[in-house]
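Hi,

Here is the structure I said I'd pass on.

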Amino acid sequence: MRFRGFGGFAASTLVAGAILWSFMTTDVEFSRLLSAGPRIAEFLGRMFPPDPTVMREIMKGGAETLRIAILGSLGAVVLSAPLGILASETMVSPPLYRTVRTLLAFIRAIPLILVAMLMVGAVGLGPLPGIIAVAFHATGMLAKFYAEAIDGVSRAPIAALESAGAGPLARLRHAIWPQMAPVIARDTIFRFELNLRESLILGIVGAGGIGFYIQTYVRSFQYDKAASVTLAVIVMVVAIEAINVALRRRFA
Amino acid sequence: MSPAVQIDDLSFAHPGSDLPALERISLLVPPGESIALLGPSGAGKTTLLALLDGRLRGWQGRTSVLGASLDPDRPPLRARRPDTGFVFQEFALVERSTVLRNVLNGRLGRMSPLRALMGSPTSHDLETALAALADCGIADLAERRVDSLSGGQRQRVAIARCLAQEPRLILADEPVSSLDPARAAEILTLLTGAARARGATAMFSSHQPDLARRFAQRIVGISGGRIVFDVPTSDLSEEATANLYRDTERMPGVGLRAVS
Ligand SMILES: Nc1ncnc2c1ncn2[C@@H]1O[C@H](COP(=O)(O)OP(=O)(O)OP(=O)(O)O)[C@@H](O)[C@H]1O
Ligand SMILES: [Mg+2]
């Protein structure tokens, strides 16, 4: 009890300290904070009514976002297949799969938007850095999922095929793959949905897609157009979510 | 001709277990014989059969199968493995694949590596698999997925896969445990008949002494990892069988040991 009491006290002190520190070290002045509310309201006011003439840009940007998500996902699948095998406990030795898993954890830890900024620096503006960034970022999760799919496979039929004289590749193809395929399909679709959702904003850092138009219109003070594009992004996110729910039901 | 199985002073403990699962076993099985292993749960039947299939490491003693000695430190050469067929107690089928696919899996060790990988059997492979299905009375289930089958049907698939492998030594771990008495007799007729027809040796474990008597020429009783009797079927007394199961009756639970 005493320890718990002390722990509770230490935790609240820490939280309170962190909040005070945050107020002190940024330029969050009380007066600015007070005026922020009306300013946001005014900003939102300037977004109304949304300008519907940007339909063409929305379609173009949306299509590019979809292409980034598709090609990025494809790249992630291609990278995740070998990395998934190398991260699996049942396929490789402990030092190897531990190393690969650590690498994947590092990849997952880097936010997509950061990867996209670096890629824009490396290969220039446009959808290409977006595709590379999505492929790289998604591999961190997808390869881990693939490894788990491999490790979740029942061992008995694999041993049976080995006993019958089947080699490692034949065992992979005829005992492991049939058990794994539905899991792989589900995980890949799940990751594709995330990729689509995350690539909507890639354009903000210049990595292609619909986010590019939001950034352009905000920078040029065309808030009504920015509003239309933002609404379109919201509609797309909801649509993706609806499709995802339907797919989940299908795989349940 | 070399014996189908030759075991000299074999002992084995499962990794992480201090009790030996097999203790100083010796056994000589001439080719073509059908031999039954009887013994209470935990006696070591599965362990002995798995060891002969080359799946266990770290045993002591000398063991050879079909004229080739097994190495306690490494698995047998892959080329030799198709000659020993195994019917698993828990079937070990690929649940999401069809019955025919599962039976064709028994042919993988006899196909070229490329065919095995592509899953494209030769017409001979296919005929052998279909014949095994027909022999086991499940030709009409060929296209069904295993996860839609009953326990008895799965058992037949497991046996068909083993027969499709065309082994010279058939090791069957309780191959009829999921079947009703009539079906059990039918399957053992099939298994021992198929073995005899191709001059193969059959070794099966069972919990049913009457079936062992009917289908084996020789019966080996195992209890607590030791062989307690090894006799031609005609010499097996009711008393010996009764004792085999009685020895462990007073010790229920894990790690059953004979009091002999
Ligand atoms: N993987 C394992 N790890 C540790 N101990 C094991 C393992 N498999 C079996 N054993 C032990 O080895 C002994 C022999 O087991 P085995 O499975 O060979 O018995 P069995 O005669 O086949 O029994 P049953 O009739 O129940 O199938 C038992 O005491 C069991 O607990
Ligand atoms: Mg057993």
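Phe91(B) sits in the loop between β6 (84-87) and α2 (99-105) of chain B. Keep in mind that this is a predicted model. Phe91(B) isn't a glycine, yet its phi is positive, at about 75 degrees. Its relative accessibility is 12%, so Phe91(B) counts as buried, the cut-off being under 20%.

Leu66(B) also has a positive phi without being a glycine, here about 50 degrees. You'll find Leu66(B) in the loop between β4 (60-65) and β5 (68-69) of chain B. With a relative accessibility of 13%, Leu66(B) counts as buried.

Next, the inside. How many cavities of 30 Å³ or more are there? The count comes to 1. The largest cavity holds about 40 Å³ of space. From chain A, its lining includes Ala160(A), Ser163(A) and Ala164(A), while Phe86(B), Phe88(B), Arg161(B), Cys162(B) and Gln165(B) line it from chain B. Two elements give two or more residues to that lining: α7 (156-163) of chain A and α5 (151-164) of chain B. Sorted by class, the lining has 5 nonpolar, 2 polar and 1 charged residues.

Chain A has a nonpolar surface patch of about 650 Å², made by Val15(A), Ile19(A), Phe23(A), Phe30(A), Leu33(A) and Leu34(A). The elements giving two or more residues to the patch are α1 (2-25) and α2 (30-46) of chain A. One of the patch residues, Leu34(A), is in helix α2 of chain A. Leu34(A) has 60% relative accessibility, so it counts as exposed, which takes over 50%.

Cheers

Note on methods:
Residues numbered from 1 in each chain as written. Chains lettered and ligands numbered in written order. Predicted model: local features only at pLDDT ≥ 70, side-chain atom pairs only at ≥ 80, totals over all residues. Heavy atoms only, no water. 1 Å grid on protein atoms, 1.4 Å probe; cavity = no way out; pocket = protein on both sides within 12 Å on 5 of 7 lines; lining within 4 Å. Points joined across faces, edges and corners; volume = space filled by probe spheres on them. Helix = DSSP H or I, 4+ residues; strand = E, 2+ residues; numbered from the N terminus. Nonpolar A, V, L, I, M, F, W, Y, C, P; charged D, E, K, R; others polar. Patch = residues over 30% accessible without salt bridge, like charges linked within 9 Å, V, L, I, M, F, W, Y side chains within 5 Å. Areas by Shrake-Rupley, 256 points an atom, 1.4 Å probe, with all protein chains shown as cover. Salt bridge = Lys/Arg side-chain N within 4 Å of Asp/Glu carboxyl O. Buried < 20%, exposed > 50% of the residue type's maximum accessible area, 1.4 Å probe, protein only.
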